[in-house]
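Have a glance at it first, then read on.

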Amino acid sequence: MSSVLGVSVGAGAVRVAWPHAGNSADHFAPDRFDLQTVPVGDQRMEDVAAETVAGVLAADPDVAAIAVTYRSEQYAKSVRAALARRQLTNYELVPEVVAAVEFLQASGELSGLRTIALYDLGSAGLSVSVVDVASRQVRYSERTSDISGDYLDSLIREQQIASGRIAHPADPDGLAALDELCRQAKEQLSATTAVALPSEHGLVLLSQENFEALIMLAVESSARMARDVIMRSEQGVQAVVVIGGCARIPMVARVLERWLSMPVTVPAQPDSVVVRGAALLARPTRTAAPPVSFEAKTEQLAIVRPEDTAAKGRRGLFRGRESARGPVRDLALGRRRELSVAGIAAGALVVVAALGLGLGWGPQVLQGDSHSNSAPSSATTSAPRPAALEPSIAPPPSDTTNASIAAPPPVRQQAPTTEADAPPPGPNTIMVPGLPPIVVPTIPPLLPQFPPPGQPPRR
């Protein structure tokens with residue numbers, strides 16, 4: 001069965017999480033994960049992440065999806081470049097805050113909460129983010145490197161050297177080894193009251209009381225920062241959730257609760273909350289569809305009837321999905337131009353008919369005035385009728401699906417008329433460019449004629 005993989009990239013370590021079979025957001029168990037931690041050391045964290053992912057894929061080729069978390073856009077750019085150098089493409093990048101909220105929601109830690117403050121204290125720094133739980137949007141966030149797990153380790157180291165029990169290392173390798181020993185002492189103090197760790201430089205001896213007194217100012221400073229972030233966000237924060245490696249220190253939650261006067265929650269295994277949330281967000285990629293042929297693309301645009309195939313080939317209406325609108329639009333414009341000529345002629349006749357109807361000569365105008373003895377009427381009957389005005393014999397098609405893409409009917413060809421064949425324009429002839437002469441019949445006087453002065457009127 002294929003599996004998914006979550007990867008979190010931190011300054012001190014790269015963590016990897018595999019959910020057990022069936023462990024998803026719908027059927028979730030917080031402890032049903034296989035976890036692996038890879039120290040970064042002197043290497044770049046993005047290179048360690050790329051090497052870790054490549055090693056996992058080489059050992060388990062059935063991994064269907066990978067989600068890699070990032071803290072900022074600069075982190076995302078570096079991780080993406082490192083994965084590209086390894087030619088790794090089957091992955092997605094997700095923000096650390098989104099991955100953390102995904103895990104906390106699945107585990108029930110955020111039940112009934114709308115807005116939280118996420119306090120993430122790791123080895124490289126502290127991030128405080130005010131997050132809307134429903135939309136998973138960060139309303140306000142700040143980060144500092146003045147307070148970090150590495151800084152707390154350095155406080156322990158300097159205290160041990162100042163006590164006289166530990167000699168100051170003479171080289172950088174010895175100093176790094178002593179820092180690692182102090183880190184182990186700090187982690188062990190989360191579950192015990194005192195630790196004693198031997199080393200080649202002496203005995204690291206530390207009690208819980210001494211350790212809390214040593215880091216009190218730093219933790220209170222982080223609580224002050226969290227309070228300021230919540231106030232600047234202007235959001236109704238209901239609770240604080242503490243994650244990161246330093247969340248295991250019991251004093252951190254106590255100080256935050258005292259300074260913020262609100263509930264503070266520390267989930268189990270707070271240092272792996274982000275990577276487990278990334279594993280829940282990893283989604284298998286969809287199988288790529290087979291390439292679509294040119295003919296198949298054209299069939300997706302419209303239903304073409306068999307009799308329209310020739311017209312489609314002549315006019316080249318289909319040029320792929322992206323350019324399909326252009327040819328159809330051009331064809332529609334062409335048909336509009338053809339109909340506009342007929343519209344002009346029909347409009348002129350309508351105007352003439354309206355004038356005749358208004359003056360009481362409707363039948364003569366519409367029928368050509370067969371009883372009129374005027375010369376212009378003969379010119380009207382002898383003039384050729386334009387093809388655009390001839391009535392169509394074929395009934396209109398009932399299928400309107402392909403009306404916009406069907407080829408227009410062929411225009412009937414007529415014998416060209418010369419100027420010599422056309423009758424001379426009469427006094428009542430209206431000349432319209434591109435149309436045959438339009439003759440307006442002579443309108444008789446509407447009122448009786450009055451006799452000349454001096455003659456009696458006829459009775």
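How many residues does helix 4 have, and how far does helix 4 reach from its first C-alpha to its last? Helix 4 runs over residues 149–163, so to speak a run of 15 residues, and reaches 21 Å, close to the 21 Å expected at 1.5 Å a residue. That expected span is 1.5 Å times one less than the number of residues. Helices (H or I, at least four residues) and strands (E, at least two) are DSSP runs, numbered from the N terminus.

A quick word on the source: this is a predicted model, where local features need pLDDT of at least 70 and side-chain atom pairs count only at pLDDT 80 or more, while totals for chains, interfaces and linings use all residues. Residues are numbered from 1 along each chain as its sequence is written, and side-chain values use heavy atoms, with hydrogens and water left out.

Among the buried residues of helix 4 are Leu-152, Leu-155 and Ile-156. Buried means under 20% relative accessible area, exposed over 50%, and partly exposed in between (1.4 Å probe, protein chains only).

Now for Arg-143, which lies in strand 8 (residues 137–144). Arg-143 is partly exposed, at 37% relative accessible area. Its side chain makes a polar contact (here, N or O atoms within 3.5 Å, one able to donate a hydrogen and the other to accept it) with the side chain of Ser-127, at 2.6 Å.
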